[in-house]
Amino acid sequence: MAPIQPRPDIILRILINCSNVQATARAGFYGIAGWHTKAHLLRALYEGVVYGHLSHVDKLRAIGPLKTARLTGGGSRSEIWTQIFADALNMPMEVPHGIEVSARGAAMSAGIGVGIYRDHADAVQQAVRIVRRQEPIAENTPHYLARYREYWRLLEAMRQPWDSLSRLDS
């Protein structure tokens, strides 16, 4: 697969993913111009979701270093999205085999309980198979981190307007 390069021509096309901000927050696209296409909006969606996750990863990094992350679910089928995650998080992304990984995790926990596996590490070793690993492209990381900073600046700027709009809805 050819490396996925950031698009410098789409500078402020950011989707705000609001699930981790405040109760009144709403998603939105910022910096859209008339020449942007559906592809640009899809890319903004991908990046906005990545930035929402990056805020959680930053909290985990405050506790200790992270070496690798795993991506599951429908989005993990997209090599482009997985690469954006790898680049923005600046760490390898692994995609495990299977689509019902939550159910597998529950089954692994049950297996530990009944003695099939010694512990979680043993269960993962025996029951999880990585089908794809994407390394971060180091030169892409500054691009995403600059946009991530803008993402947070926009979140802060929108706090009061979201509250005001919420009051209009009630």
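Reply: In this predicted model, the lining of the largest pocket divides into five nonpolar, two polar and two charged residues. The residues concerned are Arg 70, Thr 72, Pro 96, Val 101, Arg 104, Gly 105, Met 108, Val 124 and Val 128. Helix H3, which spans residues 101-113, gives the largest share of this lining, namely four residues. The volume of the largest pocket is about 210 Å³.

The second largest pocket has a volume of about 170 Å³. It is lined by 13 residues, and those closest to its centre are Val 57, Ala 69, Arg 70, Leu 89 and Met 93. By class, the lining of the second largest pocket comprises nine nonpolar, three polar and one charged residues. At least two lining residues come from each of H1, strand E3 (69-70) and helix H2 (79-89), and H1 provides the largest share, four residues.

Helix H1 itself runs over residues 38-63 and contains 26 residues. From its first C-alpha to its last, H1 reaches 39 Å, close to the 38 Å expected at 1.5 Å a residue. At the start of H1, a side-chain oxygen of Thr 37 comes to within 3.2 Å of the backbone nitrogen of Ala 39.

The strands must also be considered. Three of them form an open sheet with mixed pairing, in the order E3-E4-E5. E3 and strand E5 (130-134) stand at the edges with a single partner strand each, so one side of each has no neighbour in the sheet. In general, strands of a sheet pair through backbone hydrogen bonds, in either a parallel or an antiparallel manner. Strand E4 (residues 93-96) pairs with E5 in the antiparallel sense, over four bridges. Within the sheet, Val 95 stands opposite Arg 132 in E5.

The side chain of Asp 122 reaches the backbone nitrogen of Arg 118 at 3.0 Å.

Note on methods: Residues are numbered from 1 along each chain as its sequence is written. This is a predicted model: local features need pLDDT of at least 70, side-chain atom pairs count only at pLDDT 80 or more; totals for chains, interfaces and linings use all residues. Side-chain values use heavy atoms; hydrogens and water are left out. The expected span of a helix is 1.5 Å times one less than its number of residues. A polar contact is a pair of N or O atoms within 3.5 Å; within protein, one must be able to donate a hydrogen and the other to accept it, and residues adjacent in sequence count only if both atoms are side-chain atoms. On a 1 Å grid over the protein atoms alone, a cavity is a set of points where a 1.4 Å probe fits but cannot get out, and a pocket is an open set with protein on both sides within 12 Å along at least five of seven lines; lining residues have an atom within 4 Å of a point. Grid points are joined across faces, edges and corners, and a volume is the space filled by probe spheres set on the points. Ala, Val, Leu, Ile, Met, Phe, Trp, Tyr, Cys and Pro count as nonpolar, Asp, Glu, Lys and Arg as charged, and the others, Gly among them, as polar. Two strands pair if DSSP finds at least two bridges between them.
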